[in-house]
Amino acid sequence: METMAGMHRSCGCGRVTEKDCGKELTLAGWVNTRRDHGGLIFIDLRDRSGIVQVVMSPQYGEDAFHKAEDVRSEYVLAIRGIVRERSPETVNPKMQTGKIEVVVSEMRVLNKAKTPPFYVEDGIDVDETVRLKHRYIDLRRPEMQRNLIMRHKIVHEMRQFLDAHDFLEVETPILTKSTPEGARDYLVPSRVNPGKFYALPQSPQLFKQLLMVSGLERYFQIARCFRDEDLRADRQPEFTQLDMELSFEDQDFILDLMEHMMQRIFKNVLNVDIQIPFKRITWDDAMNLYGSDKPDLRFDMHFYDISDLLRDTGFKVFRNVLDNGGIVKAITVKGDAAIPRRELDGLVNYVGNYGAKGLAWIGLNKDGSLKCQITK
């Protein structure tokens, strides 16, 4: 394999522009695609900044051309060449660099590659275990790199925003004593204290409170947290959170601060304008309307308390609930009065997964007639 000795990378592949036409640049990256047109070989060279087309021909660099004959996807290359505009008929509007190309005078093969187990592109249909086994290849895909870049930008915006609001970033200990939290600890044996263990933090809760009573007033940390619990949709054993603590302020101040931070993140990272203040809802309203303390407000089928309508019912199922201090709630599903029975039976099975013993429904037809069913 060759090295980049004596070559100094000029910029990222995706950052070459029309302003660079006529300049000699040195680029490095992975072979995304290669096309051999006989006397010309075209390679799309990729790095995290994007893709640029490079051209090899005996006319411009015979040695580079012959090397390119053996190049395959995912080879790692370094090239030196002159930037030029593409002819109008070869412009690629789908590429950020689609109006230019680099005519190569020198090329070095920094590393060869076997045929990858899946394409390095977005939207692949590949088993997750295969992706994880070849994680270094999976992370080359544009969507994965965009995710990591977006995460970096979000954390960067958080730090800048909180610094501007007089917060101090303080790192708290990872190896510490077990403290009461809501989940099980991960334990690490202590070599110098046989039979004793450190606990990885479930959150920096005690440390940030210590910082408050120490007079630091405003603290934040991009904190690694560890909880020995089963996987959930919104939680995994190891996760990162923005952890904060501040003194001498009330709830409205904190909510307002967080709204402005989110507004900045969406604008600077995604170029999306979001309106503040956010809609606020009390815990009681959330539970009464949605049955959840973290509702999706896009879900517009609210719960309606119909207990008063059923006070005098003789129906045993409802009667037992109401006599024992319970309530009966209903949701309105508009436009589905004619839902097929097989789908209703499927809903019965669905609610059963969440502990419901049955499903009652009432249909109101267009002519005003009713149909109802209690299904167990």
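The legends below describe the whole chain and several close-up views of a predicted model.

Local features are reported at pLDDT of at least 70 and side-chain atom pairs at pLDDT 80 or more, whereas totals for chains, interfaces and linings use all residues. Residues are numbered from 1 along each chain as its sequence is written, and side-chain values use heavy atoms, with hydrogens and water left out.

**Figure 1. Overall dimensions of the chain.** The chain has nine helices and 14 strands; these elements are DSSP runs numbered from the N terminus (helices, H or I, at least four residues; strands, E, at least two). Its radius of gyration is 31 Å, well over the 21 Å that the globule rule gives for 376 residues, so the chain is more spread out than a compact globule. The radius is taken over C-alpha atoms, and the globule rule is 2.2 Å times the number of residues to the power 0.38. Along the principal axes, the C-alpha atoms fill a box of roughly 95 × 65 × 45 Å. Of the 376 residues, 30% are buried (relative accessible area under 20%; exposed is over 50% and partly exposed in between, with a 1.4 Å probe and protein chains only). The accessible surface comes to about 25000 Å², and carbon and sulfur atoms account for 52% of that area; areas come from the Shrake-Rupley method with a 1.4 Å probe, and for residues only the protein chains shown count as cover. Among contacts (heavy atoms within 4.5 Å) between residues at least 6 apart in sequence, 53% join residues at least 24 apart.

Figure 2. Strand S9 (residues 218-226) runs antiparallel to S10, and nine bridges join the two. In this pairing, Arg-224 has Thr-240 of S10 as its bridge partner.

Figure 3. Strands of a sheet pair through backbone hydrogen bonds, either parallel or antiparallel. Strands S3 and S5 run parallel and are joined by two bridges, with Val-54 opposite Val-102 in S5. Strands S4 and S5 run antiparallel and are joined by ten bridges; here Arg-84 stands opposite Glu-101 in S5.

Figure 4. Gly-98 is placed in the loop between strand S4 (76-85) and strand S5 (100-111) and is buried, at 2% relative accessible area. Beyond its neighbours within four places in sequence, Gly-98 contacts Arg-86, Thr-90, Val-91 and Asn-92. The C-alpha atoms of Gly-98 and Val-52 are separated by 7.5 Å, although the two residues are 46 residues apart along the chain. Ser-57, in the loop between strand S3 (50-56) and helix H1 (62-68), is likewise buried, with a relative accessible area of 6%.

**Figure 5. The aromatic pair Phe-315 and Phe-318.** Rings of Phe, Tyr and Trp (its six-membered ring) pair if their centres lie within 6.5 Å; planes under 30 degrees apart count as stacked, over 60 as edge-to-face and the rest as tilted. The count by this rule is one aromatic pair. The ring centres of Phe-315 and Phe-318 are 5.1 Å apart and the planes are at 80 degrees, so the pair is edge-to-face. Phe-315 is partly exposed, at 29% relative accessibility, whereas Phe-318 is buried, at 19%.

Figure 6. The peptide bond from Ile-276 to Pro-277 is cis, with omega near 5 degrees; Pro-277 is in the loop between H6 and helix H7 (283-290). Glu-74, a residue other than glycine, has a positive phi near 75 degrees. Glu-74 is placed in the loop between H1 and S4 and is buried, at 4% relative accessibility. Glu-217, in the loop between H5 and S9, also has a positive phi, near 70 degrees, and is partly exposed, with a relative accessible area of 39%.

Notes: Pairing = 2+ DSSP bridges.
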